[in-house]
Amino acid sequence: MASPMASPQVILITGCAKGIGKEAALFLARDPQRRFKVYATMRNMATRQEELKTEAGDILNDTLFIRELDVTKQETIDKTLKEIVDTEGKIDVLVNNAGITTGAWWETGPMEAYYDVMEVNYFGCVRMTRAIVPFMKEKRSGRILQISSVLGFHAVPPSAQYVASKFALEGFSESIAPPLRKFNIWVSLIEPGLVATKMARQFGDNPTAVYIHKANQIPGDEERRIVMDMVTFDPEIVIGNEMQEPQEIAQLFQDIILSPKPDFRYQTSQTIKRLAKQQFVDPTGNAIMNAWLKE
Ligand code: NAP
């Protein structure tokens, strides 16, 4: 754990134009003990930096720095990492936060929806992790926070493309975590449910509206009925009727960064923890299937 006299930990967060990334960058950079220097990155600085700049106020270019980085463009990753390492001599923490979703139903939506979501949510994290690990290995120290989702271990029918991208991220992370620990680099998966950001609110202001929107995209009556069960908040299958605030997630990031031995998985609420316990005690995978089908 960093003492107030130690040099600040250098943190790079992806996807800080809005949502969890922006709030986490502000939260960590405002640390009263000044334990962090935060590089808040975004894919389009020209059009998107003003909001964060305004909110940052006095901490801009003091503990918070804005840089351009698109997780789908290797050249922007290499350029920004080099600049940070040249300036700071290290990067202690990577928060792989940038992500997108789609409202498309799996059969009728375009194939592009699968590619686009995978490109950011999975390949984006792979690119970032591969690019940053050499610097961390050199220091024999690092933290990598992979922002997954409850949908990274618990699938729901209306979000197949997004679920697949987060399952991929979880599998990748589980594979790389043990060898990286040999270099004192700790990988953690963060698994939130609904968080009150544009991503969740694009379908409506509360969880019921999100689920109804998704059900309305589905062409067949029988399939729509399965998805409408989400609206009843059946505790066995539903990801919860709660929306967490991005600041709660930011506080968890800080706890993980400061923990001497972070866990591999973090569910962000009691509801998600309960779903994780249900998921990981049934090796056949049938219990969750039967819960959906009422068999
Ligand atoms: P959000 O409000 O939509 O913000 C997503 C951020 O990612 C934006 O800043 C966006 O930039 C950025 N981004 C998208 N594509 C990018 C790219 N190619 N390169 C760099 N940045 C890119 O979403 P959020 O709710 O904060 O989500 C943050 C993370 O949490 C995601 O990984 C998401 O899957 C995960 N998550 C969210 C929820 C939820 O309910 N909100 C739940 C579980 C997990 P632009 O503004 O330029 O598009």
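Start by selecting D62. This is a predicted model, and in it D62 has a relative accessibility of 31%, so the residue counts as partly exposed. R34 sits in the loop between α1 and β2 (36-42) and D62 in the loop between α2 and β3 (64-68), so the pair ties together parts that are 28 residues apart in sequence. R34 is also partly exposed, because its relative accessibility is 46%.

Next, select E191 and R265. Their side chains form a salt bridge at 2.7 Å, N to O. The two residues belong to distant parts of the chain, 74 residues apart, with E191 in strand β6 (residues 185-191) and R265 in strand β9 (residues 265-267). Is E191 buried or exposed? E191 is buried, at 0% relative accessibility. R265, at 22%, counts as partly exposed; the cut-off for buried is under 20%.

For the network stop, select K22, E23, E51 and E55. Salt bridges that share partners join these four residues into one network. Within this selection, look at K22 and E51, which form a salt bridge whose closest N and O atoms are 3.5 Å apart. K22 is in helix α1 (residues 19-29) and E51 in helix α2 (residues 45-56), so the pair ties together parts 29 residues apart in sequence. K22 has a relative accessible area of 5% and is therefore buried, while E51, at 41%, counts as partly exposed. For the whole structure, a search finds 15 salt bridges.

Now move to charges at the surface. Select K18, R43, R48 and K198, which form a positive surface patch. Of this group, centre the view on K198, which is found in helix α6 (residues 198-201). K198 counts as exposed because its relative accessibility is 59%, and the exposed class begins over 50%.

Select T76 next, in helix α3 (residues 74-88). What does the side chain of T76 reach? Show the backbone of D70 as well: the T76 side chain comes to 2.9 Å from the backbone nitrogen of D70. T76 has a relative accessible area of 18% and so is buried, given that buried means under 20%.

The last two stops concern backbone torsions. Most residues other than glycine have a negative phi. Select R140 and read its phi: the value is near 50 degrees, which is positive in a residue other than glycine. R140 is placed in the loop between α4 (111-139) and β5 (142-147). Its relative accessible area is 46%, so R140 is partly exposed.

Finish at N184, which is not a glycine but has a positive phi of about 60 degrees. Where does N184 lie? N184 is in the loop between α5 (160-181) and β6. With a relative accessibility of 37%, N184 counts as partly exposed.

Technical notes. Residues are numbered from 1 along each chain as its sequence is written. This is a predicted model: local features need pLDDT of at least 70, side-chain atom pairs count only at pLDDT 80 or more; totals for chains, interfaces and linings use all residues. Side-chain values use heavy atoms; hydrogens and water are left out. Patches are made of residues with over 30% relative accessible area and no salt bridge: like charges are joined within 9 Å, nonpolar side chains (Val, Leu, Ile, Met, Phe, Trp, Tyr) within 5 Å. Accessible areas come from the Shrake-Rupley method with a 1.4 Å probe; for residues, only the protein chains shown count as cover. Lys and Arg count as positive and Asp and Glu as negative; His and the chain ends are not counted. The place of a charge is taken as NZ of Lys, CZ of Arg, CG of Asp or CD of Glu. Helices (H or I, at least four residues) and strands (E, at least two) are DSSP runs, numbered from the N terminus. Buried means under 20% relative accessible area, exposed over 50%, partly exposed in between (1.4 Å probe, protein chains only). A polar contact is a pair of N or O atoms within 3.5 Å; within protein, one must be able to donate a hydrogen and the other to accept it, and residues adjacent in sequence count only if both atoms are side-chain atoms.
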